[in-house]
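The exercises below are meant to be worked with the sequence and the coordinates open side by side.

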Amino acid sequence: MSHIKFLQPILLILVVGGGLLQAQETKDDKQKKPAGRLAWFVATSIPDNLENPISVMSGAEISQVTLSKRSPSQPVKVPSDGIIRLVRKVDNPKDPTKPAYIILAQALVPDGVGKSLIILGPVPKKEGSDLVFRTKIQDLAGFKGGDYLFMNLTTLKIAVQLGEKKIGLKPGDTSICDAESPSSATNKPISYHYFDETESKWKLISASTVVVQPTRREMCVFSWDVDNDRVDYTGITVPVVP
C-alpha cells in the first residue's frame with residue numbers, strides 16, 4: 001500500500017563547513033551511484049525563476065538534481081534521519097569562509113520506506129518565507145509496472161475511469177489502479193472528472209486514450225491552477241527500477 005506524508009518544514013538557514021562541502025562535491029563523488037534508501041523528485045510546477053538543476057542536501061552531502069514535471073529526477077540517497085532538503089546557497093555574513101543555505105523545500109521520508117518519490121507542489125508566496133515547494137512522499141513499494149497512481153491535491157472530489165475501472169478520489173486521496181500485470185503494451189480509454197458543488201453535478205476535465213505498459217508506472221496528480229481558476233493535472237512516468 002502507498003505511504004503518504006505531507007510536510008511543510010520550519011525554515012532554517014543551514015551552515016556547512018567549507019572543507020566538508022568541497023569534499024562532497026568532487027567529480028568522483030558525482031559519478032557514484034547512490035546506494036541504500038533512495039528518493040526521486042518530481043514537480044507539479046516549476047517557477048520560471050528557480051534554478052534547475054537544483055541543490056539537494058541529504059545529511060552532510062550536497063548534490064544536484066534536475067527537476068521535471070513529466071519524469072523523476074536522478075535518485076538521491078536518503079540519510080539516516082530521513083530528511084532531504086532542496087536548498088539554495090547564499091552568502092554567510094557571519095563567516096564568509098563557510099557556505100550557508102536557505103531551505104526551498106523539505107521532506108521527511110518515513111522509516112521503512114526504501115524507494116520513494118518526493119512530489120513537489122507550489123506554495124503560495126508569503127512575506128519573509130523562502131519556501132518554494134511543499135512536499136508529499138509516495139512509497140514506491142506496491143506501485144508496480146503497468147499500474148496507474150492517482151493523487152488528488154485539490155479540495156474537490158475527483159473521479160477517474162480507466163478502461164472498465166472507476167476510481168473516486170476525495171480531497172487528499174491517493175489510489176493505485178492495479179493494471180493486472182499486462183504482458184504487453186495495451187491501449188485503454190481514460191477520463192477525468194470533478195464534482196461541481198455549485199451545480200451539484202460531475203464535469204469532464206479531460207478524456208483520451210493511454211498506453212499501459214509493463215515496463216513503466218504512470219501517475220496523474222490533480223491540483224488547482226490558480227492562474228486559470230480551474231482543476232489541472234500532471235502526468236508523470238515512473239520507470240520500473242530494479
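Rings of Phe, Tyr and Trp (the six-membered ring for Trp) pair if their centres lie within 6.5 Å, and planes under 30 degrees apart count as stacked, over 60 as edge-to-face and the rest as tilted. The model to which this rule is applied is a predicted one.

**Exercise 1.** Count the aromatic pairs, and classify the one formed by Phe222 and Tyr233.

*Solution.* By the ring-centre rule, the count comes to five aromatic pairs. For Phe222 and Tyr233, the centre-to-centre distance is 6.3 Å and the angle between the planes is 50 degrees, which makes the pair tilted. As for accessibility, Phe222 counts as buried because its relative accessibility is 0%, whereas Tyr233, with a relative accessible area of 29%, is partly exposed.

**Exercise 2.** Find the rings over which Lys157 and Arg217 are placed.

*Solution.* Lys157 lies over the face of Phe195, at 5.8 Å from the ring centre. The charged end of Arg217 sits over the ring of Phe143, 5.4 Å from the centre of that ring.

**Exercise 3.** Describe the largest nonpolar core, beginning with the residues that touch the most other members.

*Solution.* This core has 23 residues, of which Phe41, Leu67, Ile84, Leu86, Ile118, Leu120 and Phe133 touch the most other members. The elements that give two or more residues to this core are β3 (38-43), β4, β7 (83-90), β8 (100-108), β9 (115-122) and β10 (133-139), and β8 gives the most, with four residues. Taking Phe41 as a worked case, and leaving aside its neighbours within four places in sequence, one finds contacts that include Val56, Leu67, Ile84, Leu86, Ile118 and Leu120. A second, separate core of 16 residues includes Phe150, Ile167, Val210 and Val212.

**Exercise 4.** Decide whether Ser58 is buried or exposed, and list its contacts beyond four places in sequence.

*Solution.* Ser58 lies in strand β4 (residues 54-58). Because its relative accessibility is 11%, and the limit for buried is under 20%, Ser58 counts as buried. Beyond its neighbours within four places in sequence, Ser58 is in contact with Lys77, Val78, Pro79 and Ile83.

**Exercise 5.** How many disulfides does the structure hold?

*Solution.* The number of disulfides is zero. As to burial, Cys177 counts as buried at 6% relative accessibility, and Cys220 counts as buried at 2%.

Technical notes: Residues numbered from 1 in each chain as written. Predicted model: local features only at pLDDT ≥ 70, side-chain atom pairs only at ≥ 80, totals over all residues. Heavy atoms only, no water. Buried < 20%, exposed > 50% of the residue type's maximum accessible area, 1.4 Å probe, protein only. Contact = heavy atoms within 4.5 Å. Core = buried A, V, L, I, M, F, W, Y, C linked by side-chain atoms within 4.5 Å. Disulfide = S-S within 2.5 Å. Lys NZ or Arg CZ within 6 Å of the ring centre and 35° of its normal.
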